[in-house]
Amino acid sequence: MPMPLITLNAVDYSVGGPLLLEKVSLSIDSGERIALIGRNGAGKSTLLRLLSGDLRPDDGTIRREGGVRVSRLEQEVPAGASGTVFDVVAEGMGELGAWLAEFHHLSHADAFDADAMSAVQAKIEAADGWSADQRVEETLARLDLDGDDVFGRLSGGMKRRVLLARSLVSAPDVLLLDEPTNHLDIAAIDWLEGFLKGWAGALVFVTHDRRFLRALATRIVEIDRGQVSDWPGDWANYQRRREERLNAEAQENARFDKLLAQEEVWIRQGIKARRTRDEGRVRRLEAMRRDRAQRRDLSGNVRMETAQAGNSGKKVIEAKHVSFGYPGKPLVRDFSGTILRGDRIGLIGANGTGKTTLLRLLLGQLQPQSGEIRIGTQLQVAYFDQYRAALREDWNALENVAEGLEFVEVGGKRKHVVGYLQDFLFTPERARAPITRLSGGERNRLLLAKLFAQPSNLLVMDEPTNDLDVETLELLEELLADYPGTLLLVSHDRDFLDNVVTSTLVMEGDGHVGDYVGGYSDWLRQRPASAADSADARPGAAARTEAPPVAAPTPRRKLGYRETRELEQLPATIERLEARVAELTADIADPAFYRRDAAAVTAHNAALAEAQKELEAAYARWEALEGASSS
């Protein structure tokens with residue numbers, strides 16, 4: 001049996017207050033693709049930094065097998081990254097990479113410096129580094145990057161691709177990716193999925209993109225209140241099992257709290273009624289008080305409401321034959337369309353194709369070179385900026401939202417700013433901390449809090465999903481689905497688009513803007529064949545052939561009478577089995593369970609395993625029949 005590449009044993013890590021990670025034990029084997037999930041601020045990025053060796057644990061051990069190479073893609077583009085694309089990618093090879101970058105500059109310089117060239121060549125040859133130079137060039141070609149481009153002039157998505165190349169160039173055995181889809185367009189995300197499916201090493205990744213997660217994960221590791229739990233792959237299975245665990249935990253906590261309340265009544269009555277008390281019972285009460293004080297309760301969900309303005313006019317924006325572009329690069333060509341009150345419109349397109357330009361044209365921030373834009377009446381616009389420019393770095397969270405006020409009015413209610421921020425899971429202490437100490441997800445939550453405190457009837461959101469945890473993402477979906485105003489949404493999150501928008505504007509290249517009904521999946525079905533062919537022909541698409549072949553789609557067929565009846569009855573069967581599993585799991589959570597004889601415990605565990613097996617089989621059968629009936 002192969003040895004794990006990295007093993008964590010009873011690892012503790014703290015950043016002040018309760019342990020961020022407590023007694024974490026985890027092993028990573030070759031070929032695994034592990035999705036690391038948890039609430040914003042739970043410690044996902046910290047665990048990646050511990051795995052990479054950039055952080056040391058407060059306690060416990062981290063063992064890496066001899067010679068194991070680990071590489072990490074950070075969540076944010078590092079401020080110090082500069083130079084050419086070749087320079088940044090070569091940094092992934094340490095000192096040798098710096099020599100290769102120097103050689104690359106000298107060989108491309110206008111004036112030839114023979115002495116400097118000779119000196120750097122000698123260093124590279126002494127380190128047997130020419131094969132590394134070839135690997136840098138191969139990595140650049142594989143990710144369709146030009147080594148001579150200036151890193152600082154690239155778009156956010158291209159910078160992420162360069163940093164991915166830097167992570168890959170050392171041919172790591174373990175690749176750690178922190179939000180790899182941030183600022184990537186849909187085509188790049190699709191390419192990255194295919195590339196990582198063919199990745200031979202171990203992969204540990206953090207992502208908010210649920211479709212990306214489902215496509216890649218073979219195992220799910222969750223961080224929850226300092227504890228790490230391990231779930232065999234399949235997102236749907238994780239969600240079901242986690243719900244069962246949380247139900248059992250809630251029941252056990254309720255039982256404990258009830259017993260503690262009874263003991264507190266007893267101790268108060270005992271003081272009045274007796275001079276002597278049962279000292280053993282007193283000690284047990286003191287222990288229970290300590291246990292309750294140390295319990296780390298599950299943090300609540302974000303509670304989102306929007307501050308609503310009055311209705312806008314029925315016609316929000318009207319565009320007639322609008323064109324805009326730059327010499328040799330048309331961005332919008334002869335676009336006409338009408339946005340009505342209540343429309344929820346998604347903007348889709350590759351980075352650099354003009355999504356932001358179209359937004360600015362529609363909002364009147366940019367004048368078209370030809371054509372006309374008419375803005376409706378009584379509009380109040382709230383704008384979510386993907387680069388979080390609306391947040392002032394010299395203000396804390398409270399100051400960024402309050403802006404000198406003490407109360408905000410949201411959902412028709414007046415709320416104190418501190419209480420309002422608690423709805424977004426900011427404790428009073430966290431709300432007063434400098435925002436430089438907030439994680440990427442916390443910053444996004446703060447920007448949402450600031451945005452929703454503004455009265456609006458036109459909501460414009462540019463990549464709002466970056467860095468959000470799954471629970472917050474799903475709540476944001478619900479809020480936007482119920483938003484009474486008009487929504488313009490730029491997003492590369494395919495599930496988010498499907499769940500929120502009712503129509504899409506697609507930047508199809510050469511300035512053409514396609515208008516489609518529905519979300520991302522609807523566009524895939526409706527798009528012209530030429531658009532599908534061009535998507536497959538984009539740079540990097542060939543790399544997807546390295547991934548395991550995808551099974552052919554199930555041929556269309558009509559369900560028979562028995563299968564139709566079975567499909568109708570399966571939801572009730574699944575509900576019954578879920579109730580049975582929850583009941584058996586709750587029994588196990590009861591401390592009295594372990595006072596039963598061994599045979600009864602064994603029989604109970606066997607019954608639970610059988611119920612779970614039947615439940616999973618029922619879900620699999622339901623998915624198969626549902627898929628066949630809808631194909």
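This is a short tour of two spots in a predicted model. Residues are numbered from 1 along each chain as its sequence is written. Local features need pLDDT of at least 70, side-chain atom pairs count only at pLDDT 80 or more, totals for chains, interfaces and linings use all residues, and side-chain values use heavy atoms, without hydrogens and water.

**Stop one: two helices**

Select residues 94–108, helix H3, and residues 130–142, helix H5. Helices (H or I, at least four residues) and strands (E, at least two) are DSSP runs, numbered from the N terminus. The axes of H3 and H5 come within 10 Å and cross at roughly 75 degrees. Axes are lines fitted to C-alpha atoms, for helices over the stretch in contact, with angles from 0 to 180 degrees between N-to-C directions. H3 is therefore roughly perpendicular to H5 (65 to 115 degrees).

Now show the side chains. From H3, Leu 96, Leu 100, Phe 103 and His 104 meet Trp 130, Ala 132, Asp 133, Val 136 and Glu 137 of H5. Contact means heavy atoms within 4.5 Å.

**Stop two: strand S18**

Select residues 486–490. Five of the five residues of S18 are buried, so the strand is largely enclosed by the rest of the structure. Buried means under 20% relative accessible area (1.4 Å probe, protein chains only). Thr 486, Leu 488 and Val 490 lie on one side, Leu 487 and Leu 489 on the other.

Strand S12 (residues 344–348) pairs with S18 in the parallel sense over four bridges; pairing takes at least two DSSP bridges. Strand S17 (residues 458–462) also runs parallel to S18, joined by five bridges. Click Leu 488: Ile 345 is a bridge partner, and so is Val 460.

Terms used
Parallel < 35°, antiparallel > 145°, perpendicular 65-115°, else oblique. Buried < 20%, exposed > 50% of the residue type's maximum accessible area, 1.4 Å probe, protein only.
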